[in-house]
Each structure stands twice: as C-alpha cells, then as structure tokens.
Amino acid sequence: MPSEETRTETRTDKTETLTATETRAVPGQASSTSSTRAWTTWTTRLLMLGIVLAAFNLRPAITSLGALLEEVRDGLGMSGSVAGLLTSVPPLCFAVFGVTAPRLARRFGPGAVVWAGMVAITAGLLIRPYAGGTAGFLAATALALMGIAVSNVLMPVIVKRYFPDRVGSMTGLYSMALAFGTSIAAAATVPVTNALGGGWQPGLAVWATLGVAAVLAWIPFVRHREAPQSASASERTADAPGGRGAGPAPEQPPLRITRSRTAWALAVFFGLQATAAYITMGWMAQIFRDSGVSAGTAGLLLAVIMVMGVPLAFVIPRVATRLPHQGPIVLVLGLCGLAGYAGLYFAPVGGAWAWALLLGISNCAFPLALTMVGMRARTGAGVAQLSAFAQSTGYLISIPGPLLVGVLYQHSGGWGLPITLMCALMVPQIVVGVLAGRDRTVEDEVGR
C-alpha cells in the first residue's frame with residue numbers, strides 16, 4: 001500500500017500539473033473561457049450592430065406616416081378623429097404587446113423575440129400601404145407596431161444583460177440610432193415618395209428595406225439564450241453565499257413592482273414623454289403645413305426635431321449615469337419643451353426652426369427614461385420587470401394624447417387648443433421625472 005508521503009507527493013504533482021495547464025482539466029472551464037473569449041470579439045460587434053439596426057427600425061413606421069398623413073387621409077377617406085385614432089395606435093400597441101415581452105424572452109430568449117419583432121415590422125410596413133381600406137391599413141400598422149413594442153421593452157434588458165458595465169454608453173448608442181432612424185424617415189419620406197412617382201403607397205413601403213437588414217443581423221442570436229460569463233458574473237454571484245465564485249445565485253421570485261413609488265414615477269414620466277413624442281411624430285408636420293409651410297419643409301422641420309436626438313441621445317445617458325440624481329436633466333428638457341410649445345403657439349412660421357430645435361431637445365426625455373430604467377434596478381431580472389411595467393403603463397397613459405389632439409383640432413378648427421394641451425402636459429412630466437430620477441432602486445422599495 002502506498003505510504004502517506006507517496007500520496008502527498010502524488011497530490012502535489014497533480015496540483016502542479018493542474019496549475020501548469022491553467023486548469024484545463026476542470027470540466028466546463030475551457031469551454032466557458034473559450035466562449036467568453038469568442039464573445040468579446042466578433043459576437044459583441046455583431047450584437048452591437050444588431051442593436052443599432054433594431055433601433056433604426058423602431059420609429060420609421062410612425063414618422064414616415066406623419067410626413068404623409070394628409071395624403072393617407074385623402075387616399076383612405078379618413079376624418080380628423082379617425083386620423084387621431086391612427087396616431088394613438090402606436091402607444092396602444094406598445095402597451096398591449098410590450099407587457100408580453102419579458103415572458104416571451106424567458107421562454108424563447110431575447111434574441112429570438114427581437115428577431116421576430118424585426119420580422120413583424122418588415123411585414124407590416126410592406127403590407128399596410130396595399131392592404132386596402134382603413135381597417136386593413138390599421139391592422140398592418142398594428143402588426144409593425146407589435147414588433148416595435150416587444151423590441152422597445154427588450155432593448156434595455158439586452159443592454160443590461162450583455163453590457164452591464166456600459167449601460168450609459170450602450171443606451172446612448174441605441175438611442176442615437178433610434179433618433180437617427182426617426183429623423184431620416186421624417187426628412188426623406190416626402191422626397192422619396194416624389195422620386196418614386198408621387199404615390200404615398202411606395203413612399204411608405206420603402207422603409208421595409210431597413211427591416212430586412214435588421215432581420216438578417218439578428219439571425220445569429222435566435223438561439224443564443226445565455227449572456228457571456230464575464231457579463232453576468234456579478235448577477236449570478238451577487239446573492240450567493242460566500243460572494244464571488246460561490247456559484248449561481250438561486251432564482252428570485254418576481255418583484256412586487258407596483259409597490260414601488262419610483263416605478264410608478266418612472267412609468268408616468270415615460271407616459272408623458274411618450275405622449276409628447278407621438279403627438280409630435282403624428283401631428284407636428286401637419287401643424288407646420290397648416291401654418292403655411294410647404295410639405296417638404298414641414299418634413300424637414302419634423303426631421304430637425306428628431307435629429308436633435310442623434311447627438312443628445314448619446315450624450316444624455318452618459319451624463320445621467322454619472323449623476324446621483326437625474327432631476328436637473330429632466331428640468332432642462334422640460335423647460336425647452338415649454339419654450340418650444342409657447343413659440344409654436346405665438347409664431348409658428350416666423351420662429352419655426354427655433355421651435356423645432358427646442359422641441360427636439362425636449363424629446364430627448366426618451367433616452368433619459370431608458371437610462372433611468374437601467375439605473376433604477378440592480379439586476380437584469382429587475383430591469384426586465386421595470387422596463388415592461390414602465391413602458392406598458394407609460395404607453396397606456398399616452399394613448400389619449402394624440403387622439404385628443406385630433407378631436408380638439410377637428411372641433412376647434414385650429415391648433416391653439418392642441419398646443420395648449422401639449423404645453424400643459426409638460427409640467428407634470430417635469431414633476432414625476434424629478435421623482436423618478438432619485439438615487440434608489442426598486443428592489444430597495446418593495447418586498448418579494
């Protein structure tokens with residue numbers, strides 16, 4: 001029988017061998033290290049490209065319609081109230097379908113759900129100009145918006161999950177791409193429509209080509225269910241006994257998110273900024289046109305409002321993540337909105353470009369809201385719940401706004417009352433935004 005000294009020497013030799021080979025004999029470690037290394041190269045770049053392309057597709061379905069709303073109304077025989085209903089469809093779809101995104105992501109994986117969302121956007125944009133009649137147009141629009149809804153909710157989740165140390169910069173990149181897609185569709189829809197023969201149908205359908213690119217970019221992530229080890233390690237070990245390296249944390253029950261005051265403040269803030277955004281995207285070009293501005297110039301003014309989000313959507317999230325309280329940013333954005341609406345009321349044509357710049361700055365409340373979603377929860381699961389709650393509840397709150405603008409416009413015969421409404425809604429937006437910007441997380445406020 002071997003002596004104790006022999007057994008000790010054998011164990012020492014084995015330990016040295018294990019160290020010399022950098023623990024390659026440990027089951028699963030080599031594959032994990034290889035997977036992490038692979039993730040940090042081409043997969044990360046491809047995912048970043050996918051996020052950018054997805055974001056680029058989340059608004060052209062709406063702003064391209066806003067630029068051609070008058071032509072669509074004439075072509076389909078819509079009244080002002082029905083057109084107001086059409087501008088309310090986006091937040092309605094976002095509220096109804098966005099709440100299903102976390103459940104779908106748990107079952108199929110976030111990559112698969114975003115890919116399906118891009119497919120729905122592409123199909124809806126292709127179908128709706130040729131669906132025939134108002135009902136078909138609304139149904140195809142709803143299909144595209146369904147894809148936008150689930151992608152809206154999952155983008156902050158994907159950023160938190162795969163880029164936990166770069167939430168501000170990645171949210172800025174995503175928001176910048178979203179703003180760029182929004183502004184391009186607003187500015188180019190009328191010229192593209194003219195170049196294609198002047199019919200509004202091809203002018204709307206052409207934006208489906210962007211969706212095809214996003215569908216292709218997300219194919220590699222359809223079956224990709226797990227985050228890389230380096231990205232999710234803090235979440236997996238945060239609650240485990242012994243801290244880092246102690247093994248996976250046990251699965252936590254869902255948060256009772258409705259008990260969080262911060263979650264409600266963020267939801268209302270999201271809803272009010274969405275109200276302003278969809279009124280702007282749906283009606284602003286028409287407001288300028290009715291004031292005497294040409295269709296092409298009105299589209300450019302709408303594009304200016306949207307393009308302001310390109311640089312600011314990258315800067316604001318990075319600044320927000322460095323501040324303990326995001327209230328000052330909320331206040332600045334709100335004051336710009338108040339000034340822009342006041343100018344639009346008193347001198348819609350003379351100061352049109354200045355009002356467009358101010359309203360464009362104000363519209364950057366959207367990337368700020370997304371950033372606060374990522375900051376107000378500690379874990380990816382918490383962000384998923386908070387994102388779904390804030391966006392779904394927020395979009396429900398925003399539904400009446402565009403519809404009410406259409407009704408007020410039709411019954412008053414002018415834009416005075418609708419602009420007054422927009423201005424008045426900016427005040428509570430500032431108040432709840434300051435509350436949502438406080439330095440706390442939903443996990444600190446609620447029990448499980």
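Start with the largest cavity, which holds about 240 Å³ of space. Before you select anything, two notes on the model. It is a predicted one, where local features need pLDDT of at least 70 and side-chain atom pairs count only at pLDDT 80 or more, while totals for chains, interfaces and linings use all residues. Residues are numbered from 1 along each chain as its sequence is written, and side-chain values use heavy atoms, with hydrogens and water left out.

A cavity here is a set of points, on a 1 Å grid over the protein atoms alone, where a 1.4 Å probe fits but cannot get out; lining residues have an atom within 4 Å of a point. Grid points are joined across faces, edges and corners, and the volume is the space filled by probe spheres set on the points. The structure holds seven cavities of 30 Å³ or more.

**Stop one: the largest cavity.** Select Leu178, Ala277, Met306, Asn363 and Phe366; of the 19 lining residues, these lie nearest the centre. Now color α9 (167-195), α13 (261-290), α14 (295-307) and α18 (365-375), each of which supplies at least two residues of this lining. Helices are DSSP runs (H or I, at least four residues), numbered from the N terminus. The largest share, five residues, comes from α13.

**Stop two: the second largest cavity.** This one has about 110 Å³ of space. Pick Ile62, Leu65, Leu86, Thr87 and Pro90, the closest to its centre among 14 lining residues. Show α3 (60-67), α5 (80-98), α8 (133-162) and, once again, α13: each gives at least two residues to the lining of the second largest cavity.

**Stop three: Ile158.** Stay with helix α8, where you'll find Ile158. Is Ile158 buried or exposed? Ile158 is buried, with a relative accessible area of 2%; buried means under 20% (1.4 Å probe, protein chains only). Leaving aside neighbours within four places in sequence, Ile158 is in contact (heavy atoms within 4.5 Å) with Leu47, Ile51, Pro110, Val114, Phe163 and Trp218.

**Last stop: Ser392.** Jump to helix α19 (residues 380-398) and select Ser392. Ser392 counts as buried too, because its relative accessibility is 6%. Which residues does Ser392 touch? Not counting residues up to four places away in sequence, show Phe94, Ala95, Gly98, Val99 and Ser387.

Note on methods. 1 Å grid on protein atoms, 1.4 Å probe; cavity = no way out; pocket = protein on both sides within 12 Å on 5 of 7 lines; lining within 4 Å. Buried < 20%, exposed > 50% of the residue type's maximum accessible area, 1.4 Å probe, protein only.
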